[in-house]
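Dear colleague,

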Amino acid sequence: MASFLSVVLVILILAILFKLYIKLSVKRNGSYVCLTGKTAVITGANSGLGYITALDFAKRGARVILGCRNGDKAEEAVKKIIAATNNKNIVYKLVDCASLKSVRNFAQDIIENEARLDILVNNAGISSDEEGLTPDGIQTILQVNHISGFLLTHLLIDKLKKSTPSRIIMVASPTARFANLNLNTLRDLNTATLSRRFYAMYYNSKLCNIAFAIEMAKRLDGSGVTINAVHPGVATTEIVRDAKLWVKFGFNIFTSLFLYTAEEGAQTQIYASVANEIVNINGGFFGNCNRIEVYKTAKDS
Ligand SMILES: NC(=O)c1ccc[n+]([C@@H]2O[C@H](COP(=O)([O-])OP(=O)(O)OC[C@H]3O[C@@H](n4cnc5c(N)ncnc54)[C@H](OP(=O)(O)O)[C@@H]3O)[C@@H](O)[C@H]2O)c1
C-alpha cells in the first residue's frame, strides 16, 4: 500500500512540475502593433484559436472578416467580439472549406467588396479519424485543412499584393512531424483508401500547410507579401469535436489539465500576423512565438 501511494505521489509531483513547466514556458505575443486601417480575414474564426485571433485583431482596430461555415455561430462570435472590443468593423462571410465552390464565392466577395487585405489567416480545420470525400472528390480532412487555404491564398493573392506589406499565415500543427506524405499516400488520400494509421490524414494535411508555406514563400519573394506557417502547440479547443468519444475525452482532459488554453495556443498565429520584427520573414515556421526549425518531413521539396 505504501509503495502504491509513493508511486501516486511521484506521478502527482511529476504532473504538477510538467504543468508548471508548460505554464511558465508559454510565450505571449507582446506586440502592441495597431491594426487600424488594416483588413484581416480569418477562416474558422467562430471558435477556438480563430476566435481568439479575431478578437485580438479587433482590439487592435482592424476590420476583421470571420470566414465561417455556420451563420448562427458566426453571428454570435461577431456580436461577442463587438461587445468585447467596441470595434464595430467586424463582419462574417460564409465559407465552407469543404467546398471549392464556396471558397471561390468567398474569395470573390472579398475581391469585389473589400478595399484591401492585409492579413489572411488560413485557420479553419477539422480533426478526426474518419474517412470520407467532399463533393469535390477530395479527402475531407485534406480539403478543409489544406486545399481550401491553398485555393483561397491563390484567389486572394492579387488583393494581398495590392496591400503590401501583407501576410499569410498557415495554421499547421506539431503533429505534422508524424506525417507520411508522398505521392502514394497523397493519391490514397484522394481516394480514401489510405492504409490507415491513427490520424494519418490529419498529420498529412498539416504537413501540407508547412510545405506549402515554404514553397509559396519562394514564389512570393520580393512581392511584399510573406507567408509563414505556425503551430499552436496543443490547446483546449473544439478541434476534436468529430473524434471518437475516447479521443475527445482523453484530449480534453489532457489539454485542460496540462496544456494550453485556446488563448495561449493562439499567441503564435497572432505574433506571426502582427509582430513588426518579423515583417520580412518569409517561408518561416513558428512555435511558441519563436521562429523554429522546420520539421524534417517538410524539408523535402
Ligand atoms: N487545438 C489544438 O491543439 C491545435 C493544435 C494544432 C493545430 N491546430 C489547428 O488550429 C486550427 C484551429 O483549430 P482549433 O483548435 O481552434 O479548433 P476549433 O475550435 O474546432 O476551430 C476550428 C474552426 O474551423 C471551422 N471549420 C471546420 N470545418 C470547416 C469548414 N468546412 N468550413 C469552414 N470552417 C470550418 C470550425 O467551424 P464550426 O464551429 O462551424 O465547426 C471552427 O470555427 C486548425 O487548423 C487546427 O488544425 C489546433
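The model is a predicted one, in which local features need pLDDT of at least 70 and side-chain atom pairs count only at pLDDT 80 or more, while totals for chains, interfaces and linings use all residues. Residues are numbered from 1 along each chain as its sequence is written, and side-chain values use heavy atoms, with hydrogens and water left out.

The ligand sits in the largest pocket. A pocket here is an open set of points, on a 1 Å grid over the protein atoms alone, where a 1.4 Å probe fits and protein lies on both sides within 12 Å along at least five of seven lines; a molecule sits in it if more than half of its atoms lie within 2 Å of its grid points. Around the ligand are 31 residues, of which Arg69, Tyr202, Ala235, Thr237 and Arg241 come nearest (near means a heavy atom within 4 Å). This shell divides into 16 nonpolar, nine polar and six charged residues (Ala, Val, Leu, Ile, Met, Phe, Trp, Tyr, Cys and Pro count as nonpolar, Asp, Glu, Lys and Arg as charged, and the others, Gly among them, as polar). Helices α2 (48–59) and α7 (200–220) each supply at least two of its residues (helices are DSSP runs of H or I with at least four residues, and strands are runs of E with at least two).

Oxygen atoms of the ligand lie 2.8 Å from a polar side-chain atom of Asn46, 2.8 Å from a polar backbone atom of Leu49 and 2.7 Å from a side-chain N or O atom of Tyr202 (polar contacts are pairs of N or O atoms within 3.5 Å). The protein covers 98% of the 890 Å² of accessible area that the ligand has on its own (Shrake-Rupley method, 1.4 Å probe).

Eight strands form an open sheet with mixed pairing, in the order β3-β2-β1-β4-β5-β6-β7-β8 (two strands pair if DSSP finds at least two bridges between them). Because β3 (90–94) and β8 (290–291) stand at the edges with a single partner strand each, one side of each is left without a neighbour in the sheet.

Finally, a cis peptide bond with omega of about 0° joins Thr164 and Pro165, and Asn86, although not a glycine, has a positive phi of about 65°.

With best wishes

Conventions. A polar contact is a pair of N or O atoms within 3.5 Å; within protein, one must be able to donate a hydrogen and the other to accept it, and residues adjacent in sequence count only if both atoms are side-chain atoms. On a 1 Å grid over the protein atoms alone, a cavity is a set of points where a 1.4 Å probe fits but cannot get out, and a pocket is an open set with protein on both sides within 12 Å along at least five of seven lines; lining residues have an atom within 4 Å of a point.
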